[in-house]
Amino acid sequence: MRWNKAKVLTVLGFIGKLLVGVLVISPILLGVSFSFMSPSELASIPPHLVPHEPVTYTYQKVLQSIPLFRFLGNSMIVCTIVIVGQILTCSLAAYAFSFFHFKGQRILFLAVLATMMIPVDSIIIANYLTISKLKLSDTYIALVAPYLTSAMGIFFMRQSFLTIPKELHEAATVDGCGHFRFWFSIVMPISKPAIASLGVYIFIQTYNQFLWPLLVTNTNNMRTVQIGMSILREAEAVDYGTVLAGAVMVLIPSVFVFIVGQKYLVKGMTAGSVKG
Amino acid sequence: MSSLGKGRNGSKVAPYLYLLPCMLVFAIFVFWPFIKTVVYSFTITDTRGNPIEFVGLENYIRQFKSPQFRNSLKLTFKFAPMVGIPTFIIGYILAALASERMRGSRIYEVMYSMPMAVASAPASVIWFMLLSSGQNGVVNWILNSEIRWLLDAKTALIAVAIVTVWLNIGANFIFLLTGFRNVPTELIESSRIDGAGYFTRLFRIMTPIATPQIFFVVFLDIVTSFQAFAQIRLLTPNGGPSYSTNVLIYSIYQSAIRDSRYETAFTQSIVLFLIILVITLIQFKTEDKVVYYQ
């Protein structure tokens, strides 16, 4: 009997924890629910939590109001370039710091550390001016360039590279394998889990960016989804269900990647950031 | 022999070549703009951001005399604990709830951390509806109140803080959960045998062991509160009713983009940099004193 009681408690605890989870994500759930409501239903008092007369026109109206797929495409292109770029530059730099001994190594490493002391927001206006002086506004180059490397990425990749046994490198050198080939065909494949962690992290960070794309894009052709969100909100202020339908569509990619990559993301987030 | 020599020569330049791409990006988009921001903050700039005249500390003096800027500073410092304290408490409770690994626990772990995946733009758009002023707003309906959340200068910053808290609880949860799970299982088991209850275990064992993570998230919350931009722009356009949400980062944006007063934006950027620098230094200084290492 005691065993049964313990089991019942465990199940109840599990259900309780799930309910708390529903509470945490309730804004998302309500957003989805409200996106199927007409303006009159959204005004009802008390608020309807689920639509009584669901409408779906809101989703079609988003596509008429803003070029959402163009925005999504832009966001995906930007994310892809930033992910590939950052993984390449960070892992090359991390390789240099872990497999070479060279003059100025300490100073260059300190330079990487120093970039962490300069918050992006405090130099964003200067970067914006650089881009507009170079006449690069409204280009993919502008959207991606400042994010093609990161100190965090370098430290994270370095941490992963340092776990690779030195003997492996020695053996490869004896076999006549040069540094670049060793990096490309041994170090990178071994580091797949770390690369996946970094990739998921960069995706969510880049996809969700707001201020930088707001500064460097002026035309619908180059805008990303987050800025599209802001345009939609101004265009459809009266029919708020449509704005919410847009929000739901913008949420889908990042929430999907988060659910699929959560395991990697957690590993990446917690690996380098805290001593422990 | 010749190939050996070449190899040696090659590996002399090689490390620098490997570092070239990242150093190039850092030089153009971190160090150069930083130097520019510092230098230009001592000048008067034209409407396109070119310096015209060196004026020394004049911009700083003008800023610290300006009631608008002082208001922004005050709001920035007020906003940090308004976001940080609730975020930490909620993250802590969620991590405590999920601390034990069990079958199916991944389901609620994903739910508790999900807000992290949500961008501030769609989150703001959704919360705008929930924080609606009338009785049709879910928040007012739950509280049985008629607060004009986003329209009242007294509540606008609180409303923005609520959204920011929600956006940040995911990250707090993940770090604190990692901290709690660092506790060796034998320690938990032996405390159980000693008859320690759940809360004794939580406060006497798990919390001390998680101090590095606790320390980390507290500073993370402070620094991320300084970056709140999209939610302010989307929830309370133009800095909110009576500039009640015009925090530093928003003020920087307005000075540069709306007013084309770049020297003001640069000066405010340097103030933001200094604030974050001081907080980071405090973090480094106190970390080793406060944090309990295993």
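## A chat about a two-chain predicted model

Me: Where is the place of A:Pro46?
Reply: In this model, which is predicted, A:Pro46 has its place in the loop between α3 (39-42) and α4 (57-65) of chain A.

Me: And what kind of peptide bond joins A:Ile45 and A:Pro46?
Reply: The bond joining A:Ile45 and A:Pro46 is a cis peptide bond, and its omega is about -10 degrees.

Me: Ok, zooming out, how many helices and strands are there in chain A?
Reply: Chain A has 15 helices and zero strands. Its radius of gyration is 24 Å, well over the 19 Å that the globule rule gives for 276 residues, so chain A is more spread out than a compact globule.

Me: What box do the C-alpha atoms of chain A fill?
Reply: Taken along the principal axes, the box filled by the C-alpha atoms of chain A is roughly 75 × 75 × 30 Å. As for the inside of the chain, buried residues make up 46% of the 276 residues in chain A.

Me: What about contacts in chain A between residues at least 6 apart in sequence, how many of those join residues at least 24 apart?
Reply: For chain A the share is 77%, counted among contacts between residues at least 6 apart in sequence.

Me: Now the other chain: how many helices and strands has chain B?
Reply: Chain B has 13 helices and two strands. Its radius of gyration is 24 Å, while a compact globule of 294 residues would have one near 19 Å. The C-alpha atoms of chain B fill a box of roughly 85 × 75 × 35 Å along the principal axes, and 47% of the 294 residues of chain B count as buried.

Me: And the contacts in chain B that join residues at least 24 apart? What's the percentage there?
Reply: In chain B, 70% of the contacts between residues at least 6 apart in sequence join residues at least 24 apart.

Me: How many residues does the contact take from chain A and from chain B?
Reply: The contact takes 73 residues from chain A and 68 residues from chain B. Several elements of chain A give two or more residues to the side that touches chain B, among them α1 (2-24), α5 (68-99), α12 (192-207) and α15 (240-272).

Me: Which element gives the most to that side of chain A?
Reply: That is α15(A), which gives 14 residues to the side of chain A that touches chain B. Sorted by class, the residues of this side of chain A are 51 nonpolar, 18 polar and four charged.

Me: Let's look at a helix pair. At what angle do the axes of α5(A) and α9(A) cross?
Reply: The axes of α5(A) and helix α9 (residues 151-161) of chain A cross at roughly 55 degrees and come within 8 Å, which makes α5(A) oblique to α9(A). The crossing of α5(A) past α9(A) is right-handed.

Me: Which residues make the contact between them?
Reply: On α5(A) they include A:Ala94, A:Phe97 and A:Ser98, and on α9(A) they include A:Met157, A:Arg158 and A:Phe161. The residues of this contact between α5(A) and α9(A) divide into eight nonpolar, four polar and one charged.

Me: Is A:Arg158 buried or exposed?
Reply: A:Arg158, which lies in helix α9 of chain A, counts as buried because it has 21 C-beta neighbours inside 10 Å, and a residue is buried if 20 or more other C-beta atoms lie within that distance.

Me: What is A:Arg158 in contact with, leaving aside neighbours within four places in sequence?
Reply: Leaving those aside, A:Arg158 is in contact with A:Ala94, A:Phe97 and A:Ser98.

Me: Last one, what is phi of B:Asn238, and where is B:Asn238 found?
Reply: Phi of B:Asn238 is near 60 degrees, a positive value in a residue other than glycine, and B:Asn238 is found in the loop between α11 (230-235) and α12 (248-258) of chain B. B:Asn238 is partly exposed, with 13 other C-beta atoms within 10 Å.

Notes:
Residues numbered from 1 in each chain as written. Chains lettered and ligands numbered in written order. Predicted model: local features only at pLDDT ≥ 70, side-chain atom pairs only at ≥ 80, totals over all residues. Helix = DSSP H or I, 4+ residues; strand = E, 2+ residues; numbered from the N terminus. Rg over C-alpha atoms; globule rule 2.2 N^0.38 Å. Buried ≥ 20, exposed ≤ 12 C-beta atoms within 10 Å, placed from the backbone. Contact = placed C-beta atoms within 7 Å. Nonpolar A, V, L, I, M, F, W, Y, C, P; charged D, E, K, R; others polar. Axes fitted to C-alpha atoms, helices over the stretch in contact; angles between N-to-C directions. Parallel < 35°, antiparallel > 145°, perpendicular 65-115°, else oblique. Left-handed = near helix turned anticlockwise from the far one by under 90°.
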